[in-house]
Amino acid sequence: MTTALITGATSGLGAAFARRLARDGHHVVLVARDSERLRTQAAELHDRHGVEASVLAADLGTDAGIAALEERAGDRRHPVDLLVNNAGFANKGGYLDIPLADELTMLRVHCEAVLRSTSAAAEAMRERGRGGIINVASVAAFVPRGTYGASKSWVVQFTQGVAGDLKSSGVRLMALCPGFVRTEFHDRAGMDTSPVPDWMWLDAGRVVDAALADLARGRSLSIPDPRYKVMMALAKLTPRGMLSRSTANSGPRYGRVNAPAAGR
Ligand SMILES: NC(=O)c1ccc[n+]([C@@H]2O[C@H](COP(=O)([O-])OP(=O)(O)OC[C@H]3O[C@@H](n4cnc5c(N)ncnc54)[C@H](OP(=O)(O)O)[C@@H]3O)[C@@H](O)[C@H]2O)c1
């Protein structure tokens, strides 16, 4: 049996990854901060699917939390076959409203934790000649969108670059770029999503199914929905200045209730 480690496994996309991978018969290691929620979820997955489900309570905005993740991801005695770096969040408010400390925490969770755990896991996977790593980014990676978009852009560039470097090693890497997904993400950030039309929302389970299919096909980038594929192709053709103005205008509409913010 193989083992999948999923960060941000307690809700939304991470919980959907954990359910799908446990259903497929993988042992799972669930990582997030809320240890009670992690334990409940692990017990459910074990009871329902008969797999081993262990938990690692870690705050990936801290050095100690990232070090614990790094150690587990690279553990040769209990190898991780699939690493899903999914933990993430949005900050409340627009640029200059957000405390710098919160922006730095975002870079730790979205970039440093991804860099360190990918490096630890990839090295161990390369020794075994197999393994997979999915780093969850966002379609926000392709539009000018403050620290959130910049951090997700880093995830895409880093992941696709490493995928090329490790091409012949048996280790597959893929950046996953969803659009709007119904999860706890926007509520946690206090964002008003009422202007987002129904057709733009994706289901977390379907995003996960599409992502795993793309990983199996050997893709290094997954935009798991035809509507968003078309939108991102158009975004590529649009001059950056025009894109920047349009995201600046839409930010307050999709932003935090009572404060302007960048949409995700
Ligand atoms: N929802 C969308 O529309 C959307 C679109 C594109 C990309 N994404 C990306 O998808 C990923 C998952 O988001 P989601 O929508 O599923 O959000 P979510 O429902 O809010 O789940 C976020 C998960 O990340 C964990 N987490 C947050 N901060 C953490 C920290 N400092 N240390 C460890 N774990 C932490 C949370 O658990 P704890 O609170 O227990 O730590 C939770 O399990 C994120 O990377 C997000 O940027 C989301």
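This is a predicted model: local features need pLDDT of at least 70, side-chain atom pairs count only at pLDDT 80 or more; totals for chains, interfaces and linings use all residues.

Which residues in H4 meet which residues in H5? On the H4 side they are Glu 103, Met 106, Leu 107, His 110, Cys 111, Val 114, Leu 115, Thr 118 and Ala 122. On the H5 side they are Thr 147, Tyr 148, Ser 151, Lys 152, Trp 154, Val 155, Phe 158 and Val 162. By class, this contact of H4 with H5 comprises 11 nonpolar, four polar and two charged residues. Helix H4 covers residues 100-128 and helix H5 residues 146-165; their axes lie 9 Å apart, at an angle of about 10°. Angles under 35 degrees count as roughly parallel, and H4 and H5 are therefore roughly parallel to each other.

The average pLDDT of the chain is 92, and 94% of the residues score at least 70. Over residues 252-264, however, pLDDT stays under 50; for this stretch the model has 44 contacts beyond four places in sequence.

Attention now turns to helix H1, which spans 12-23. With helix H2 (residues 35-49), H1 packs at an angle of about 25°, the two axes being 10 Å apart. H1 and H2 are therefore roughly parallel to each other, and their crossing is right-handed. From H1, the residues Ala 15, Ala 18, Ala 22 and Arg 23 meet Gln 41, Leu 45 and His 49 of H2. This contact of H1 with H2 has four nonpolar, two polar and one charged residues.

H1 also packs with helix H7 (residues 204-216): the axes come within 9 Å and cross at roughly 60°. H1 is therefore oblique to H7. The crossing of H1 past H7 is right-handed. Gly 12, Leu 13, Ala 16, Phe 17 and Arg 20 of H1 make the contact with Ala 204, Gly 205, Val 207, Val 208, Asp 209 and Leu 212 of H7. Seven nonpolar, two polar and two charged residues form this contact of H1 with H7.

The ligand is the last topic. It is surrounded by 29 residues, of which the closest are Gly 8, Gly 12, Arg 33, Gly 88 and Phe 185. Helix H1 and helix H6 (185-188) each supply at least two residues of the shell around the ligand; H1 gives the most, with three residues. The shell divides by class into 12 nonpolar, 10 polar and seven charged residues.

Technical notes. Residues are numbered from 1 along each chain as its sequence is written. Axes are lines fitted to C-alpha atoms, for helices over the stretch in contact, and angles run from 0 to 180 degrees between N-to-C directions. Helices (H or I, at least four residues) and strands (E, at least two) are DSSP runs, numbered from the N terminus. Angles under 35 degrees count as roughly parallel, over 145 as roughly antiparallel, 65 to 115 as roughly perpendicular and the rest as oblique. Two residues are in contact if their C-beta atoms, placed from the backbone, lie within 7 Å. Ala, Val, Leu, Ile, Met, Phe, Trp, Tyr, Cys and Pro count as nonpolar, Asp, Glu, Lys and Arg as charged, and the others, Gly among them, as polar. A residue is near a molecule or strand if its C-beta atom, placed from the backbone, lies within 6 Å of it. A crossing is left-handed if the near helix is turned anticlockwise from the far one by less than a right angle, and right-handed if clockwise. pLDDT is the predictor's confidence in each residue, from 0 to 100.
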